[in-house]
Amino acid sequence: MKTSALYVLFAAISTAANLGSQFLVEIAGTALGIASSVSLVASVIVGTGVGVVAKYILDKRFIFRYEVKSMKHQARTLGLYTIMSGITTLIFWGFEFGAYFAFGTAAAKYTGAIIGLGIGYVIKYFLDKNITFREDKSGVNSL
């Protein structure tokens, strides 16, 4: 139970980091006179990157208690984590952009993002548990 509660907490922290970053990029874009469509795409890319890095650090350390053996192993693990994040990001972006284009409001965009992130994080946990942070008998990623 403790692990699942931590996972939900870390998903909430990562979501807040993601959406907070998006909001800041949108504010900066408006202040700089950047087109709203460019600010929208930039905000989603920056927010996603911030969220992925925050979640990777928290998941690796506290959820999976995973220790890398070398810089090469770290790069491999981060690479796998990034690939799994890319898969679930498509779900997240689908909901976020879908809600934005369907309703045309920031509230819809953020609501879609929260729904998409929630679904994505459930799927991501199983991908990470079974692929990213899975070790073989030698203690190394099995892929």
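This is a predicted model: local features need pLDDT of at least 70, side-chain atom pairs count only at pLDDT 80 or more; totals for chains, interfaces and linings use all residues.
Reader: What makes up the secondary structure of the chain, and what does its C-alpha trace span along the principal axes?

Author: The secondary structure comes to 4 helices and 0 strands, and the C-alpha trace spans about 55 × 30 × 20 Å along its principal axes. Of the 143 residues of the chain, 37% count as buried, where buried stands for under 20% relative accessible area.

Reader: Why is Phe95 called partly exposed?

Author: Buried means under 20% relative accessible area and exposed means over 50%, with partly exposed in between. Phe95, which has its place in helix 3 (residues 71-103), has a relative accessibility of 36% and therefore counts as partly exposed.

Reader: How do you know which residues line the largest pocket, and what is its volume?

Author: A residue belongs to a lining if it has an atom within 4 Å of a point of the pocket, and for the largest pocket, with a volume of about 220 Å³, there are 15 such residues. Glu26, Ser36, Ser39, Leu40 and Tyr100 lie nearest its centre. Helix 1 (2-31), helix 2 (36-63) and helix 4 (106-132) each supply at least two residues of this lining.

Reader: How do the residues of that lining divide by class?

Author: The lining of the largest pocket divides into 7 nonpolar, 6 polar and 2 charged residues. Glu26, one of the residues nearest the centre, is of a type that counts as charged.

Reader: What makes the lining of the second largest pocket one with 7 nonpolar and 3 polar residues?

Author: The second largest pocket, with a volume of about 160 Å³, is lined by Thr3, Ser4, Tyr7, Val8, Ala11, Gly118, Tyr121, Val122, Tyr125 and Phe126. Helix 1 and helix 4 are the elements that give two or more residues to this lining. Tyr, Val, Ala and Phe count as nonpolar, whereas Gly counts as polar, and the lining therefore has 7 nonpolar, 3 polar and no charged residues.

Conventions:
Residues are numbered from 1 along each chain as its sequence is written. Side-chain values use heavy atoms; hydrogens and water are left out. On a 1 Å grid over the protein atoms alone, a cavity is a set of points where a 1.4 Å probe fits but cannot get out, and a pocket is an open set with protein on both sides within 12 Å along at least five of seven lines; lining residues have an atom within 4 Å of a point. Grid points are joined across faces, edges and corners, and a volume is the space filled by probe spheres set on the points. Buried means under 20% relative accessible area, exposed over 50%, partly exposed in between (1.4 Å probe, protein chains only).
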